[in-house]
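Biologist: I am new to this structure and would like to understand the words used to describe it. Could you take me through them with care, setting each value against its cut-off?

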Amino acid sequence: ISLEACSLRCLGMATSAAQPVRVVKSAAKEVRVKVVVRVRPFLEHEEAESCVAITDDQSVEIERDGQCLQYKFDSCYGDKTTQTELYRNEIKALVMCPLTGQNASCFAYGPTGAGKTHTMQGTPQDPGIIPRVVDQLFKEIDRQAAAGDHKFAVTVSYLEIYNEKVYDLLEFKDADLPIREDVQHNIFIPGLIEKELKSYEDFTESFSAALANRSTAPTKM
């Protein structure tokens, strides 16, 4: 099982109320979590016989060994869902979080072939969550800058955890970076490169170079 993630951080700004999502309480703090399911369409070489069905916008049914298993989530999307629909319904509102003093993260989780890369990265013709987030972020920053409301600085980091080792994809070296925890229980990675971005074009240049450094291998199942 692997994941692809997009994380938006904000430093030193006042917070405002976030959209209602499930609150998971832990001993340390409350964490707002929303779980979304997206079913991908069949590939050309696959047999078009599905055991998964979206019964409503929050329910999934899976047929297995003659049994029908039902699961509930915050949102569910079928195989006809477009990148635009998913982004508009689930991600767009989160982009305002770092601009109002809140952190936000989105990650796709699942085995090889589940559609994580398509959902998170997409293609130049049909971009996924990460490029759409950055594009919207810069448009909102430009709007607020034109109004003279705030000044913002945008930086990007891109790491990969592969075979239990951490690699910096923006400045790739065959070195395992350490993972640390500070006194406030925040996770950080010493030595991880942060590049400042001035525009969406800066992002595409850095992102494309980082993608070339990724490792790809199937999940053993």
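Modeller: Let us begin with a contact between two helices, in what is a predicted model: Gln-83, Thr-84, Leu-86, Tyr-87 and Ile-91 in α1 meet Ile-129, Arg-132, Val-133 and Gln-136 in α3. By class, the residues of this contact of α1 with α3 comprise five nonpolar, three polar and one charged.

Biologist: What makes α1 and α3 oblique to each other?

Modeller: The two helices pack at an angle of about 60 degrees, with their axes 11 Å apart. Roughly parallel would need an angle under 35 degrees, roughly perpendicular one of 65 to 115 and roughly antiparallel one over 145, and the rest count as oblique; α1 and α3 are therefore oblique to each other. As for the hand of the crossing, α1 passes α3 in a right-handed one.

Biologist: Where does Gln-83 lie, and why is Gln-83 called buried?

Modeller: Gln-83 belongs to helix α1, which covers residues 83-91. The relative accessible area of Gln-83 is 4%, and buried means under 20%, so Gln-83 is buried. Setting aside neighbours within four places in sequence, Gln-83 is in contact with Arg-38, His-118, Thr-119, Gly-122, Asp-126, Pro-127, Gly-128 and Arg-132.

Biologist: Which residues of α3 and α4 meet?

Modeller: From α3 come Ile-130, Pro-131, Val-134, Asp-135 and Phe-138, and these meet Tyr-200, Phe-203 and Phe-207 in α4. Sorted by class, the contact of α3 with α4 has seven nonpolar, no polar and one charged residues.

Biologist: How many aromatic pairs does the structure hold, and why is the pair of Tyr-200 and Phe-203 called tilted?

Modeller: The structure holds four aromatic pairs. In the pair of Tyr-200 and Phe-203, the ring centres are 5.7 Å apart and the planes stand at 40 degrees. Centres within 6.5 Å make a pair, planes under 30 degrees apart count as stacked and those over 60 as edge-to-face, with the rest tilted, so the pair of Tyr-200 and Phe-203 is tilted. Along helix α4, Tyr-200 and Phe-203 are three residues apart, which means that about one helical turn separates them.

Biologist: Why does Tyr-200 count as partly exposed, and what makes Phe-203 buried?

Modeller: Tyr-200 has a relative accessibility of 24%, and partly exposed lies in between the buried limit of 20% and the exposed limit of 50%, so Tyr-200 counts as partly exposed. Phe-203 has a relative accessible area of 4%, and because buried means under 20%, Phe-203 is buried.

Biologist: What makes the aromatic pair of Phe-203 and Phe-207 stacked?

Modeller: The planes of Phe-203 and Phe-207 are 20 degrees apart, with 4.9 Å from centre to centre, and planes under 30 degrees apart count as stacked. Both residues lie in helix α4, four residues apart, about one turn of the helix. Phe-207 counts as buried too, because its relative accessibility is 13%. Together with Tyr-158 and Tyr-200, Phe-203 and Phe-207 form one aromatic cluster.

How values were computed. Residues numbered from 1 in each chain as written. Predicted model: local features only at pLDDT ≥ 70, side-chain atom pairs only at ≥ 80, totals over all residues. Heavy atoms only, no water. Contact = heavy atoms within 4.5 Å. Nonpolar A, V, L, I, M, F, W, Y, C, P; charged D, E, K, R; others polar. Phe/Tyr/Trp six-rings, centres within 6.5 Å; stacked < 30°, edge-to-face > 60°. Buried < 20%, exposed > 50% of the residue type's maximum accessible area, 1.4 Å probe, protein only. Axes fitted to C-alpha atoms, helices over the stretch in contact; angles between N-to-C directions. Left-handed = near helix turned anticlockwise from the far one by under 90°.
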